[in-house]
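Subject: Structure handover

Hello,

Here is the structure I promised to pass on. Please open it first, then read my notes below.

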Amino acid sequence: MDAAVKQELLALNLRLLQAIVTSDWKTYVELCDPTLTAFEPEACGQLVEGLPFHQYYFELGSMKGPRSVTVASPHVRLMGDVAVVAYVRLNQKLDAAGAPVTSAIEETRVWQRQEGKWRHVHFHRSPARSGS
């Protein structure tokens with residue numbers, strides 16, 4: 001795979017995650033296809049289509065306190081004009097007592113090149129399971 005395309009997709013994906021953490025709706029809309037589909041915990045097992053479901057959370061405003069997002073073990077699979085980016089997202093924040101906490105989310109995001117530009121078209125998020 002072209003290393004430059006892989007780096008471009010990882011950079012776009014990180015930009016998308018930063019937009020989510022900071023409630024940057026403008027950037028989120030810029031990166032997402034209007035017909036975006038998703039399976040995520042907030043949707044209670046239902047396939048969500050379009051952006052309005054996600055807009056509700058953005059309109060709640062930026063999350064309180066400092067936040068950090070780290071993409072761990074990313075894997076990019078390129079299939080022509082479609083790419084799958086899979087990774088574990090580590091979210092860091094402070095709890096109510098001010099102690100740092102980290103949560104892990106397994107994510108798979110699908111990107112499609114449309115008119116020469118990568119657009120986010122589907123994702124699946126689920127809480128990471130701890131190995132035992």
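A polar contact here is a pair of N or O atoms within 3.5 Å; within protein, one must be able to donate a hydrogen and the other to accept it, and residues adjacent in sequence count only if both atoms are side-chain atoms. Helices (H or I, at least four residues) and strands (E, at least two) are DSSP runs, numbered from the N terminus.

Two notes on the source. This is a predicted model, in which local features need pLDDT of at least 70, side-chain atom pairs count only at pLDDT 80 or more, and totals for chains, interfaces and linings use all residues. Residues are numbered from 1 along each chain as its sequence is written, and side-chain values use heavy atoms, with hydrogens and water left out.

Overall fold

The protein chain has three helices and six strands. Their order along the sequence is α-α-β-β-α-β-β-β-β. The C-alpha trace spans about 50 × 35 × 25 Å along its principal axes. The radius of gyration, taken over C-alpha atoms, is compared with a globule rule of 2.2 Å times the number of residues to the power 0.38. For 132 residues, a compact globule would come near 14 Å; the protein chain has 15 Å, which agrees.

Buried means under 20% relative accessible area, exposed over 50%, and partly exposed in between (1.4 Å probe, protein chains only). Of the 132 residues, 34% are buried. Contact means heavy atoms within 4.5 Å. Among contacts with a separation of 6 or more, 48% join residues 24 or more positions apart.

Helix 1 covers residues 3-21. D2 caps its N-terminal end: a side-chain oxygen of D2 lies 2.9 Å from the backbone nitrogen of A4. After helix 1 comes S23, with a positive phi near 55°. The expected span of a helix is 1.5 Å times one less than its number of residues. Buried residues of helix 1 include L9, L10, L16 and L17.

A nonpolar core is a set of buried Ala, Val, Leu, Ile, Met, Phe, Trp, Tyr and Cys residues joined through side-chain atoms within 4.5 Å. The largest one has 23 residues; L9, L16, Y28, V85, W111 and W118 touch the most other members. Helix 1, helix 2, strand 1, strand 3, strand 4 and strand 6 each supply at least two residues of this core. Helix 1 gives the largest share, eight residues.

E40 lies in the loop between strand 1 and strand 2. E40 counts as buried because its relative accessible area is 10%. Beyond residues up to four places away in sequence, E40 touches G45, F53, H54, F123 and R125.

P41 is found in the loop between strand 1 (32-39) and strand 2 (48-49). P41 is partly exposed, because its relative accessibility is 40%. Leaving aside neighbours within four places in sequence, P41 is in contact with R125, S126 and P127. K117 is 76 residues from P41 along the chain, and their C-alpha atoms are 29 Å apart.

A residue in strand 4

N91 lies in strand 4. N91 counts as buried, because its relative accessibility is 16%. The side chains of N91 and R89 form a polar contact of 3.1 Å.

Best wishes
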